[in-house]
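Subject: Model handover

Hello,

Here is the model I promised to pass on. Please open it next to this note; my findings follow below.

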Amino acid sequence: MKFLTETRTRLVDRTIDGTTHQVSEPYTVRMPKLPKDKDQMALVGVSGLVLALTLVAIVWSTYSIGQLLGGGPGYAAGAVFDAAWLAVLLLEWLARFDPAKREFPRKVGWALALVAAGAIFLEGQLAGGWQMAAVGAAVSIVAKVLWWAVFKHIDKDLSPADSQWVAAEMSKANAKLAIAGVRRQAAKAEVAARLELLAAERELNEIAGLDHSTGAHEVITAEQVREQEDGSVRPEPPLNRANTVREQAVQGPNIAHLARVELTAGASREEAVEAILARLPDAKQASVEATVRRERNKLDRAAYR
């Protein structure tokens, strides 16, 4: 048996002046050399040989079918015939553990190979007779047969019980993929619905703020509103007994309403703030200024619609 010497590293303790650290230390190990897998080498060699022959078949069929289609773009169309059954070979390889799924690409590959051989046979008949047509058509058939032999060798045949076990595992994995996809779509739909609701609520809030302002075709002065409000406010009656029924008092105007009235009448922000503070001396000036600024922005947005 042959051996190979490999150099590896390991961590060892090294102490200097009472301080210990781990450092890397190289060492050599003799390992037995594994023998070459001759079966794998043979399979790789056969696959390479079949691939080379397949390339020859593709070039031949592309040339023949291109000539049949008049040359030029016909060569590109001719490459489709053999490229199609080569693509199906990959699907057959991916389905090597599922006999039922593997059977369909195998049948499709044979059908496509026969179509390519038929096209080459027709071109050979037109070019030089049936001998040339038969030999040319056999090129693609031989390449397909060689690939069929390779796949037949590497097919992983499973017993019925093992096939059912593999099918159950694949079904479980596919179910997880399906659930993940559905949950992702549901999350996207939920996000879109929430964004739509937020946009609708924003529009409703803006419309509700404009409902209290004056109409577009009527103009009411601030003095008229003040006169109307002065006559509509009644003081709240005191409560003398526990069973006294208190009548609902008409509330006075709020800051937002007064701000809209002043701004609609043509007052500037500063003039509106002064008028509101004169009307409501207990109000905070910062709150009044913020309310006037907000109502001014609402009116400006409404004017640009």
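What is the mean pLDDT of the protein? The mean is 77, and 84% of the residues reach 70 or more. pLDDT is the predictor's confidence in each residue, on a scale from 0 to 100.

Ground rules come next. This is a predicted model, so local features need pLDDT of at least 70 and side-chain atom pairs count only at pLDDT 80 or more, while totals for chains, interfaces and linings use all residues. Residues are numbered from 1 along each chain as its sequence is written, and side-chain values use heavy atoms, with hydrogens and water left out.

Confidence

Strand β2 (residues 19-32) has the highest confidence, at a mean of 89. Helix α6 (residues 222-232) has the lowest, at a mean of 49. Over residues 212-220, pLDDT is below 50, and that stretch has 6 contacts in the model beyond near neighbours in sequence. A contact means heavy atoms within 4.5 Å. Residues 231-251 also stay under 50. For them the model has 11 contacts beyond four places in sequence. Where pLDDT is low, predicted coordinates should not be read in detail.

Overall layout

The protein has 9 helices and 2 strands. From the N terminus, the order is β-β-α-α-α-α-α-α-α-α-α. Helices (H or I, at least four residues) and strands (E, at least two) are DSSP runs, numbered from the N terminus. Of the 305 residues, 22% count as buried. Buried means under 20% relative accessible area, exposed over 50%, and partly exposed in between (1.4 Å probe, protein chains only). Among contacts between residues at least 6 apart in sequence, 59% join residues at least 24 apart.

Helix α1

α1 covers residues 38-68, 31 residues in total. From first C-alpha to last it reaches 45 Å, close to the 45 Å expected at 1.5 Å a residue. The expected span is 1.5 Å times one less than the number of residues. Its buried residues include Val50, Ile58 and Ile65. The buried residues of α1 pack against α2 (73-94), α3 (99-127) and α4 (130-154). Gly70 follows α1, with a positive phi near 95 degrees.

Helix α3

The 29 residues of α3 should span 42 Å, and the end C-alpha atoms are 42 Å apart, which agrees. The buried residues of α3 pack against α1, α2 and α4. Among them are Pro105, Ala113 and Ile120. Arg102 lies in α3. Arg102 is buried, at a relative accessible area of 7%. Leaving out residues up to four places away in sequence, Arg102 touches Glu92, Ala95, Arg96, Asp155, Lys156 and Asp157. Val108 is also found in α3. Val108 counts as partly exposed because its relative accessibility is 26%. Val108 and Ala84 are 24 residues apart in sequence and 9.4 Å apart in space, C-alpha to C-alpha. Just after α3, Gly129 takes a positive phi of about 105 degrees.

The α2 and α4 pair

The axes of α2 and α4 come within 12 Å and cross at roughly 5 degrees. Axes are lines fitted to C-alpha atoms, for helices over the stretch in contact, with angles from 0 to 180 degrees between N-to-C directions. α2 and α4 are therefore roughly parallel (under 35 degrees; over 145 is roughly antiparallel, 65 to 115 roughly perpendicular and the rest oblique). Trp85, Leu89 and Trp93 are among the α2 residues that take part, and Trp147 and Phe151 are among those from α4.

Best wishes
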